[in-house]
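This report describes selected features of a two-chain model.

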2 protein chains.
Amino acid sequence: MTHHTVPSAVATVMEDIGQGAKQAAHRLALASTETKNKALLAAAAALRRSANDILEANAKDLDAAPDLSAALKDRLLLTSSRVEAMARGLEEIAALADPVGVEMARWQRPNGLDIARVRVPIGVIGIIYESRPNVTADAGGLCLKSGNAAILRGGSESFHSSLAIHGCLQEGLAEAGLPPACLQMVPTTDRAAVGLMLQMTGVIDVIVPRGGRSLIERVIAESRIPLFQHLEGLCHTYVDGAADLAMARRVVTNAKMRRTGVCGATETLLVDRKLALSHLPVLVKDLLEAGCEVRGDAATQTVDERVRPATEEDWATEYLDAVISVRLVDGVAGAIAHIARYGSHHTDSIITEDAVAAAQFFAEVDSAIVLHNASTQFADGGEFGMGAEIGISTGKLHARGPVGVEQLTSFKYLVRGAGQVRP
Amino acid sequence: MTHHTVPSAVATVMEDIGQGAKQAAHRLALASTETKNKALLAAAAALRRSANDILEANAKDLDAAPDLSAALKDRLLLTSSRVEAMARGLEEIAALADPVGVEMARWQRPNGLDIARVRVPIGVIGIIYESRPNVTADAGGLCLKSGNAAILRGGSESFHSSLAIHGCLQEGLAEAGLPPACLQMVPTTDRAAVGLMLQMTGVIDVIVPRGGRSLIERVIAESRIPLFQHLEGLCHTYVDGAADLAMARRVVTNAKMRRTGVCGATETLLVDRKLALSHLPVLVKDLLEAGCEVRGDAATQTVDERVRPATEEDWATEYLDAVISVRLVDGVAGAIAHIARYGSHHTDSIITEDAVAAAQFFAEVDSAIVLHNASTQFADGGEFGMGAEIGISTGKLHARGPVGVEQLTSFKYLVRGAGQVRP
């Protein structure tokens, strides 16, 4: 295992990984729930046991990159409690119902044929991620539970941390008698490996990119393999003319400020023009007092001198920070038009007591998650009751919204007959 | 509308088609079931009314290509009864339940949030097909019913026929007050248009290729857009050691010979080595007597002098003709291994009275449709009770198996709250 390899060596490594993953996927598709859970629990125990080694590996990564921004450093940093959270995450995945083998539907035909639609694993899943080393455990665990082999390709900054975590996953597989190739980590930081992964059609069934915009855009541009992609979460909260003010204040502040770095955080507040005098000022002041920078249209700027002018770019920006853009719109139709133009098909919410306006917003906003009278911060697999998630898909095929263990499965039809032939 | 256009003109045409489709998709997503059915029924009426014009256009296509093979000519040929079948097909699609708006699931969370998963159209679907002009009506009708705008790109051989059929679809849209851009046909036979379609990310959500292997392979190689692909139907019937002979004879002959040109036709017969003397001879003789050419392994060649030797290539060939390859295998495990090596993940059947063997076959054969004691010719959306289909997908993402109106939809989550914020 070398850190820097010449391209042809990388190609050989990736080909071996691919062949190993295909064989392991076949084995894993037939593994019992007990075996998979045993591997997950043993991996969790190994994480706890190896916490010091993992933190040492993490220190090595941090030392190797002294010039990282504070945000990037925070993503890369592991602590005892973060290692414990990874271990607990694997235990929670073990506790989830096994999606594989579940009958999604079953029906009889007039000719007596009995048709069942049964969940099966997808096969081989490629995860391409950046500096968060915990993705190694989280994504690996979700793939394992759903019976898929995974090829994990972490960022170079977190290479040693991910390698240490991957070692714990391997201990789990070994204890359960599952082949190591069920969860493989690309053993090089050579960027050529990503390009090669994206060409491995016939081996990798789906790629899940996890990271910033430039990573996702590279993956979209280069991939020959289908993606569960999540470009960004440019989420909106629309306060309708018929909104309850107290509810609107509570929800808007939560939607923006509970955690500003998550994809379900609201980035733009849309307010019905009717509420320019009654609601807009207090909503904006709430945000300013919560420590949020507000960039607004002309009307919003009149509310408070701390409000800066919003530019065209602001409407298209996912801040992931304590910044919000605010504008008046002409009722629910105006909100829908703004979201259609600038939104990212992720999560959008309407606050209103008007059932007709809510129904129109539900019907016309083309996003994975559309909420009525609730915070956009609920955009999360756990909050949906789906358990852990590998991300939120903004695509419309296969997986949309939170991608949990069920979304990591396919299905097949099992048809039971008694000798039927087709006339 | 010109037949031959310079590339830059084609690019402009395709861009206009794309923009039109996106706008139409938004409108169609909100169209009522009644409106969509009105368009379908009016299009069916227009097809009947315009039967003579369609047959004239078809004669023009046939005249323009005097050197077509008999099989290709048959695919291209329209008759009064084929036009009637298209009209009836649209009426059947109108009679199907509307998938859009259906609640697939709904549940409550402990915090009172009510979460519904509701079917919505995918958006814009590109159909790239070859010489069968009826695909224009069938695929157009399925897209319309499922609320998707369609961009139809037929083969150059069937250009005039498809154009005449497309005119009838347009009459249907007009009568229902739906925009013409709901169902657009690429108005040129320039092959550059296909290449352009395959690059229209952000406009076309999914491409459905319908045609022979070379078309599908070109689309797979060039497409930047997800596909519902159906590479081929290399289907197997395995007669297990515990098969009932009478049932096996009936099912095998039907699976191969009912219609040899459909994708669910069996191409390879696998017989348990235990049955080499008891069952193999009669199964092979049934096929020979039904007019099927048999290409067999050494054991099969001893059965009858008309059996030709099978080559390695035979196991990998989808004949779509009255030809079958036959070989002995070592029980169900041998059958599974053969199918894993040569199959196309489409449809495979086991004939056995042994429930354990059937369960193993169900678990380990990685195909969209796996049957027990039934003919592979049941691989069909209509036979599954799903109504008309646009094809059988051999991919594992989103749609697998028959692709009917439900498979042409996506979903979104509608979350109803009472002011909930996330702690």
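## Residues with positive phi

His398(B) lies in the loop between β14 (392–393) and β15 (401–402) of chain B; strands (E, at least two residues) and helices (H or I, at least four) are DSSP runs, numbered from the N terminus. Although His398(B) is not a glycine, its phi is positive, about 65 degrees. His398(B) counts as buried, with 24 C-beta neighbours inside 10 Å. A residue is buried if 20 or more other C-beta atoms lie within 10 Å of its own, exposed if 12 or fewer, and partly exposed in between, with C-beta atoms placed from the backbone.

In chain A, Asn373(A) is placed in strand β13. Asn373(A) also has a positive phi, near 55 degrees, and is buried, with 23 other C-beta atoms within 10 Å. Most residues other than glycine have a negative phi.

## Basis of the values

This is a predicted model, in which local features need pLDDT of at least 70 and side-chain atom pairs count only at pLDDT 80 or more, while totals for chains, interfaces and linings use all residues. Residues are numbered from 1 along each chain as its sequence is written, and chains are lettered from A and ligands numbered from 1 in the order in which they are written.

## Helix packing on α7(B)

Helix α2 (residues 33–49) of chain B and helix α7 (residues 159–175) of chain B have axes that come within 7 Å and cross at roughly 140 degrees. Axes are lines fitted to C-alpha atoms, for helices over the stretch in contact, and angles run from 0 to 180 degrees between N-to-C directions. α2(B) and α7(B) are therefore oblique to each other: angles under 35 degrees count as roughly parallel, over 145 as roughly antiparallel, 65 to 115 as roughly perpendicular and the rest as oblique. Residues of α2(B) including Ala43(B) and Leu47(B) meet residues of α7(B) including Leu169(B) and Gly172(B). The residues of this contact comprise ten nonpolar, one polar and three charged. Here Ala, Val, Leu, Ile, Met, Phe, Trp, Tyr, Cys and Pro count as nonpolar, Asp, Glu, Lys and Arg as charged, and the others, Gly among them, as polar.

Helix α3 (residues 51–64) of chain B packs against α7(B) at about 160 degrees, with the axes 7 Å apart. This pair is therefore roughly antiparallel. Ile54(B) and Ala57(B) are among the α3(B) residues in the contact, and Leu163(B) and Ala164(B) among those of α7(B). The contact of α3(B) with α7(B) divides into six nonpolar, three polar and three charged residues.

## Nonpolar core

The largest nonpolar core has 248 residues. Such a core is a set of buried Ala, Val, Leu, Ile, Met, Phe, Trp, Tyr and Cys residues joined through C-beta atoms within 7 Å. Ala43, Leu47 and Met197 of chains A and B have the most contacts inside it. Not counting residues up to four places away in sequence, Met197(B) touches Met14(B), Gly126(B), Ile128(B), Ile151(B), Arg153(B) and Ile204(B); residues are in contact if their C-beta atoms, placed from the backbone, lie within 7 Å.

## Interface of chains A and B

In the interface, 50 residues of chain A contact 50 residues of chain B. On the chain A side, α10 (245–257), α15 (355–364), β13 (369–374) and β16 (409–420) each supply at least two residues. The largest share, eleven residues, comes from β16(A). The chain A side divides into 25 nonpolar, 14 polar and eleven charged residues.

Key:
Two residues are in contact if their C-beta atoms, placed from the backbone, lie within 7 Å.
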